[in-house]
Amino acid sequence: MPVTVPLRPLWHMGALHPVEQYLTLLLAFGPFVVLGIVIWLRSKEHDGAE
């Protein structure tokens with residue numbers, strides 16, 4: 001029995017197209033980038049109000 005049998009579900013859909021890779025990265029990390037920008041802008045507003 002080959003060692004790679006348990007990993008078979010990981011590649012059952014094949015390789016992703018480069019556009020799909022970029023979309024996956026955008027969906028994975030985009031919300032965190034937006035949240036960081038919002039927190040940074042809000043902290044600047046809060047510091048300016050004091």
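**Helix α1: questions and answers**

Visitor: How many helical turns separate Glu45 and Arg42 in helix α1?
Guide: Glu45 and Arg42 lie 3 residues apart in helix α1; helices (H or I, at least four residues) and strands (E, at least two) are DSSP runs, numbered from the N terminus. An α-helix has 3.6 residues a turn, so residues three or four places apart point the same way. The separation of Glu45 and Arg42 is therefore about one helical turn.

Visitor: What kind of model is this?
Guide: Residues are numbered from 1 along each chain as its sequence is written, and side-chain values use heavy atoms, without hydrogens and water. Local features need pLDDT of at least 70 and side-chain atom pairs 80 or more, while totals for chains, interfaces and linings use all residues, as the model is predicted.

Visitor: What is the distance between the closest N and O atoms of Glu45 and Arg42?
Guide: The two residues form a salt bridge, that is, a side-chain nitrogen of Lys or Arg within 4 Å of a carboxyl oxygen of Asp or Glu. A search of the whole structure finds 1 salt bridge. In the Glu45 and Arg42 pair, the closest N and O atoms are separated by 3.3 Å.

Visitor: Is Leu41 exposed, partly exposed or buried?
Guide: Buried means under 20% relative accessible area and exposed over 50%, with partly exposed in between (1.4 Å probe, protein chains only). Arg42, at 54%, is exposed. Leu41 has a relative accessible area of 40%, so Leu41 is partly exposed.
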